[in-house]
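Subject: Structure handover

Hi there,

Here is the structure I promised to pass on to you.

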Amino acid sequence: MKYLVICMLGMISLNAHAIKKDCFCKFQTGTNWANSGGILVKDWGKISEETIGVGANSAENKCKAKCSSSPYGAAYNWDGANSNTLRGWACSAGVPSGQKVHAISKAGLIPSGSIDHTMGKVQRTAAVYNCPQGGSLNYQSMTMVPNCVETVPSTLSCPNGYWLEAQISKCVKQACPPNSMPGSPNWAAIGAGSMGGINGEYKTDDQDGSRFFINAARTCPAGFQLNGVNCVKSYAANLVSAATCTLVSP
């Protein structure tokens, strides 16, 4: 009896000083605790302390059960596509479409070598916009709302007394009449000057005369602004359907 009591006391003492490992759990993309290149969805931190054992009773296996979808496991109440909270966590964390969210544990310093449980797969659809007033969608960034940009040619116009040479976007007026400059080379620059208070450039013409050239005025329709040689209108794109982010069964 004396030895039995001593033995029992020894067992109690060993159990009281049993070595334990801290059990950690998190939900993430990627397949290992280090999560290189993955996205953290929810870090539960330390969830328990597990006594070191062997086989099914090892601290690692008990920790995996505490992190997985087994009853009362960390993933149990958040599993599947019906968990709006988990969906919100995954979508807010920026998990891309098609990637899966896993529960992964770590007992002590050595991380779990495999996924404890796959909880769901993120599916996203992009928002759809259109341009009801015409033009095309312009995305500054795929994460930003686009605007609509419509571009039309500007209209060229000239003052009274000038005709338009649309090919060169110039307004032209006869300076010296034909045959008044016999033998002059065609289209030679004579120099800058003014005519009637308008600055421009004089050139010979192909009829032994000379002409006065000025830039044609460019105008745009209402709502457009001149941008170079074109008229541009920009306005907010119309949202046809909003972007979606859901969590489906893996």
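Let me start with Cys67, which is buried, its relative accessible area being 0%. Please keep in mind that this is a predicted model.

Cys67 is bonded to Cys25 in a disulfide, with an S to S distance of 2.1 Å. The S-S torsion of this pair is about 70°, so the disulfide is right-handed. It links distant parts of the chain: Cys25 sits in strand β1 and Cys67 in helix α2 (residues 59-67), 42 residues apart. Cys25 counts as buried too, at 0% relative accessibility.

The count for the structure comes to 6 disulfides. With bonded cysteines numbered along the chain, the pattern reads 1-3, 2-4, 5-12, 6-7, 8-9, 10-11.

Cys158 and Cys171 are joined with their sulfurs 2.0 Å apart. Here the torsion is about -90°, so this disulfide is left-handed. Cys158 lies in the loop between β9 (155-157) and β10 (163-165), while Cys171 is in strand β11, so the bond ties together parts that are 13 residues apart in sequence. As for accessibility, Cys158 is partly exposed at 26%, whereas Cys171 is buried at 0%.

Cys220 and Cys231 form a disulfide as well, S to S 2.1 Å. Its torsion of about -85° makes it left-handed. Cys220 is in the loop between β15 (217-219) and β16 (225-227) and Cys231 in strand β17 (residues 230-236), so the pair ties together parts 11 residues apart in sequence. Cys220 is partly exposed, with a relative accessible area of 26%, and Cys231 is buried at 0%.

Cys176 is partly exposed, at 32% relative accessibility.

Now to the aromatic rings. The structure holds 4 aromatic pairs. In one of them, Phe27 and Trp44 have ring centres 5.7 Å apart and planes at 75°, so the pair is edge-to-face. Phe27 belongs to strand β1 (residues 20-28) and Trp44 to strand β2 (residues 40-51), so this contact ties together parts that are 17 residues apart in sequence. Phe27 is buried, with a relative accessible area of 0%, but Trp44 is partly exposed at 29%.

Another pair, Trp187 and Phe213, is also edge-to-face, at 6.5 Å centre to centre and 75° between the planes. It links distant parts of the chain, with Trp187 in the loop between β11 (170-174) and β12 (189-195) and Phe213 in strand β14 (residues 210-215), 26 residues apart. Trp187 is partly exposed, with a relative accessible area of 40%, while Phe213 is buried at 10%.

Ring pairs also link Phe27, Trp44 and Trp89 into a cluster.

Best wishes

Technical notes
Residues are numbered from 1 along each chain as its sequence is written. This is a predicted model: local features need pLDDT of at least 70, side-chain atom pairs count only at pLDDT 80 or more; totals for chains, interfaces and linings use all residues. Side-chain values use heavy atoms; hydrogens and water are left out. Rings of Phe, Tyr and Trp (its six-membered ring) pair if their centres lie within 6.5 Å; planes under 30 degrees apart count as stacked, over 60 as edge-to-face and the rest as tilted. Helices (H or I, at least four residues) and strands (E, at least two) are DSSP runs, numbered from the N terminus. Buried means under 20% relative accessible area, exposed over 50%, partly exposed in between (1.4 Å probe, protein chains only). A disulfide is a pair of cysteine sulfur atoms within 2.5 Å.
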